[in-house]
Amino acid sequence: MAYPVFDLHCDTADRIGWATLDLDLRFTAGTDGYFPGDETHPQDFDLIEGNACAISLAKIGNTPWAQCFATFVPDEIPTAHAARFQAQIMAHMSGQAMLNHDRMVNVRNAADIRPALKDGKVACIHTIENATFFAEDPALIEVLKSLGVLMSSLSWNAQGPLASGHDTHAGLTAAGIEALTQMEHAGMVLDVSHLNDECFDEVVTHATRPFVASHSNSRAVCGVKRNLTDDQFRTIRDMGGIVGLNYCSEFLSNDATDKTAADVTFDQLAAHIEHWLDLGGEDAIALGGDWDGATVPAFLSDASKMPEFQNMLSKHFGKTVMQKLCSDNALAFFERY
């Protein structure tokens, strides 16, 4: 049996739940399938048990697995409709976990995760990517935390009502600072992946609790703005947070393109881990694969590749680092948070 996995981010919930969205939400988002073409064979993208996505129960197999299933709210969805979008995607994912209760557990708090892994099950952890609707109704933070949303980000790539991503240089808004305060009060972890550098600095100014970059790599190794600078990584480390390794090929290698994404090598991925270890980050690294949200290397095409990936990590870094990266650090973080 493979070593347990705790992955901080994927877009699988959106992909399998897209067809269940209200028609007006799909129209506003501009697509009938999460990825163009999914709508032509929707039967392949609706169930978590078996599907054509990167993550399914069939692909996970016997590996004990804790997965943060993010509801990703696209920037195209107006703030007034974002809460409805989030509710529908989360409801479908939660329903899938209940339908597969012999294999899956709907996590309500961090204490549910370790027992699920011990039993060899899949822990379904609900998170949000781009919770713009917190700007209109901050009370939803407490409500969603009570329903099991353990982590959320404030933006995606564009300028938003709370914060802004790397398409802009705008900082946190007053509503964003209020949302951060309310998230810390409720015990909902802040995810800073996608924040631009200005917003990151302002989060550091206002945050009183550790936070997470759920799916961001090293900018020193691959220079895209979505990756973290060394100072940002050290800040997360020093505050007691964690950083999830993103499998997106264009965040792993400066040379990756759409045509060459599958050809990115293990050594190119390992360079990010090596750099973080050189920065003293052994206890701050985790997995944040971004499966079903990014184009990834062939050796990590889906969840079925994880046992062999763990073998590669063990041979390159040793068993201790592999175990910390694959689940120990993330599990420890959520339990102490």
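A search of the whole structure, which is a predicted model, finds 2 cavities of 30 Å³ or more, a cavity being a set of points on a 1 Å grid over the protein atoms alone where a 1.4 Å probe fits but cannot get out. Grid points are joined across faces, edges and corners, and a volume is the space filled by probe spheres set on the points. In this predicted model, local features need pLDDT of at least 70 and side-chain atom pairs count only at pLDDT 80 or more, whereas totals for chains, interfaces and linings use all residues. Residues are numbered from 1 along each chain as its sequence is written, and side-chain values use heavy atoms, with hydrogens and water left out.

The largest cavity holds about 50 Å³ of space, and 14 residues line it, with His166, Val192, Leu195, Leu228 and Gln232 nearest its centre; lining residues are those with an atom within 4 Å of a point. This lining comprises 4 nonpolar, 6 polar and 4 charged residues, where Ala, Val, Leu, Ile, Met, Phe, Trp, Tyr, Cys and Pro count as nonpolar, Asp, Glu, Lys and Arg as charged, and the others, Gly among them, as polar. The second largest cavity, of about 40 Å³, is lined by Leu180, Glu184, Met188, Leu190, Ala207, Arg209, Pro210, Phe211 and Tyr337, and this lining divides into 7 nonpolar, no polar and 2 charged residues.

The largest pocket, a pocket being an open set of points with protein on both sides within 12 Å along at least five of seven lines, has a volume of about 460 Å³. Of the 25 residues in its lining, Tyr34, Phe35, Trp156, Gly293 and Ala294 are the closest to its centre, and by class the lining has 11 nonpolar, 7 polar and 7 charged residues.

Helices (H or I, at least four residues) and strands (E, at least two) are DSSP runs numbered from the N terminus. Strand 5 (residues 149–153) is largely enclosed by the rest of the structure, because 5 of its 5 residues are buried, that is, under 20% relative accessible area with a 1.4 Å probe and protein chains only. Strand 4 (residues 122–129) pairs with strand 5 in the parallel sense over 3 bridges, pairing requiring at least two bridges found by DSSP, and isoleucine 128 stands opposite serine 152 in strand 5.

Among the buried residues of helix 13 are Val321, Met322, Leu325, Cys326, Phe333 and Phe334.

Most residues other than glycine have a negative phi. Asparagine 130, in the loop between strand 4 and helix 6, has a positive phi near 80° and is buried, with a relative accessible area of 2%. Aspartate 290, in the loop between strand 9 (285–287) and helix 12 (306–317), has a positive phi of about 65° and is buried, with a relative accessible area of 6%.

Methods
Buried means under 20% relative accessible area, exposed over 50%, partly exposed in between (1.4 Å probe, protein chains only).
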